[in-house]
Amino acid sequence: MEHAIKTLNHHTDEATKQTLQLLVDKKRKQDTFKKREWRWRMSCCITLGLFLMYIYFFIFKQSASYSASISYFFDRSIHFWIVMFIGYQIGMIKYLLYKKDKAEKEYHDLRKEMVKRSDDYWPKPADWKQRHQVFDLMKKEFDINLYHETK
């Protein structure tokens with residue numbers, strides 16, 4: 001459990017602390033998929049750009065005719081493997097995009113539920129008045145907004 005969540009005052013019970021920790025974990029999972037997807041996108045763009053530059057400058061510009069350059073392109077097996085690698089990168093991007101969207105949905109569903117049921121998490125009037133300290137902590141430490149359901 002995060003030290004900031006563990007050291008919350010007596011107005012927050014253990015079950016609420018566990019839910020807050022789960023929310024932090026889901027936020028981190030979403031951020032991880034977001035970073036991985038962005039890295040694969042950049043990697044794919046660079047690979048594709050370099051491959052297209054190679055094709056233009058070293059195959060089409062060096063050949064006398066288009067048919068000779070196309071024939072040269074398909075005669076080399078390395079070109080097939082580069083195209084397959086680019087296809088693999090695109091597949092990874094789609095997979096990570098799916099995982100990122102799923103993690104984002106889980107995170108926002110839990111966050112919205114926490115906002116809706118905040119009167120269950122802080123049932124006593126004294127606890128209810130102190131819940132803004134928890135909301136401030138979550139916003140400041142983990143960039144999680146518990147004040148409103150919308151982002």
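Let's start at phenylalanine 60, which is partly exposed at 33% relative accessibility (partly exposed falls between buried, under 20% relative accessible area, and exposed, over 50%, with a 1.4 Å probe and protein chains only). The model is predicted, so local features need pLDDT of at least 70 and side-chain atom pairs count only at pLDDT 80 or more, while totals for chains, interfaces and linings use all residues. Residues are numbered from 1 along each chain as its sequence is written, and side-chain values use heavy atoms, with hydrogens and water left out.

**Around phenylalanine 60**

- Phenylalanine 60 sits in helix H2 (helices are DSSP runs of H or I with at least four residues, strands are E runs of at least two, and both are numbered from the N terminus).
- Setting aside neighbours within four places in sequence, phenylalanine 60 is in contact with Ile55, Tyr66, Ser69 and Ile70 (contact means heavy atoms within 4.5 Å).

**The nonpolar surface patch**

- Phenylalanine 60 is also one of the residues of a nonpolar surface patch, whose members include Trp38, Met42, Tyr66, Ile70 and Phe74.
- Together the patch residues have about 1,400 Å² of accessible area (areas come from the Shrake-Rupley method with a 1.4 Å probe, and for residues only the protein chains shown count as cover).
- Patches are built from residues with over 30% relative accessible area and no salt bridge, joining like charges within 9 Å and nonpolar side chains (Val, Leu, Ile, Met, Phe, Trp, Tyr) within 5 Å.
- Two elements give two or more residues to this patch: helix H2 (14-60) and helix H3 (66-75).
- Which element gives the most to the nonpolar patch? That is H2, with nine residues.

**Nonpolar cores**

- In soluble globular proteins, nonpolar side chains tend to be buried together.
- Here the largest nonpolar core has 19 residues, and Leu20, Met138, Ile144 and Leu146 have the most contacts inside it (a nonpolar core is a set of buried Ala, Val, Leu, Ile, Met, Phe, Trp, Tyr and Cys residues joined through side-chain atoms within 4.5 Å).
- Helix H1 (3-6), H2, helix H4 (77-116) and helix H6 (125-142) are the elements that give two or more residues to this core.
- H6 provides the largest share of this core, five residues.
- Isoleucine 144 touches Leu23, Val24, Lys27, Tyr107, Arg111, Met138 and Lys139, leaving aside its neighbours within four places in sequence.
- Another core, of seven residues, lies apart from the largest one, and among its members are Phe51, Ile55, Ile86 and Ile93.

**Lysine 17**

- Is lysine 17 buried or exposed? With 7% relative accessibility, lysine 17 counts as buried, and its place is in helix H2.
- Not counting residues up to four places away in sequence, lysine 17 touches Met1, Ile5, Lys6, Leu8 and Thr12.

**Salt bridges**

- Side chains of opposite charge can pair when their charged atoms come close.
- The count comes to nine salt bridges (each is a side-chain nitrogen of Lys or Arg within 4 Å of a carboxyl oxygen of Asp or Glu).
- Glutamate 37 and arginine 41 form one of these bridges, at 2.4 Å from N to O; they are about one helical turn apart because they lie four residues from each other in helix H2.
- Glutamate 37 is buried at 6% relative accessibility, whereas arginine 41 is partly exposed at 35%.
- A network of salt bridges links Glu37, Arg41 and Lys100.
- Arginine 117 pairs with glutamate 113, the closest N and O atoms being 3.1 Å apart, and a salt bridge also joins arginine 117 to aspartate 120 (3.2 Å, N to O).
- Arginine 117 is partly exposed at 37% relative accessibility, glutamate 113 is partly exposed at 35%, and aspartate 120 is partly exposed at 45%.

**Cysteines**

- How many disulfides does a search of the whole structure find? The search finds zero (a disulfide is a pair of cysteine sulfur atoms within 2.5 Å).
- For cysteine 44, the closest cysteine sulfur is in cysteine 45, 5.9 Å away, so the two are too far for a bond.
- Cysteine 44 itself counts as buried, at 7% relative accessibility.
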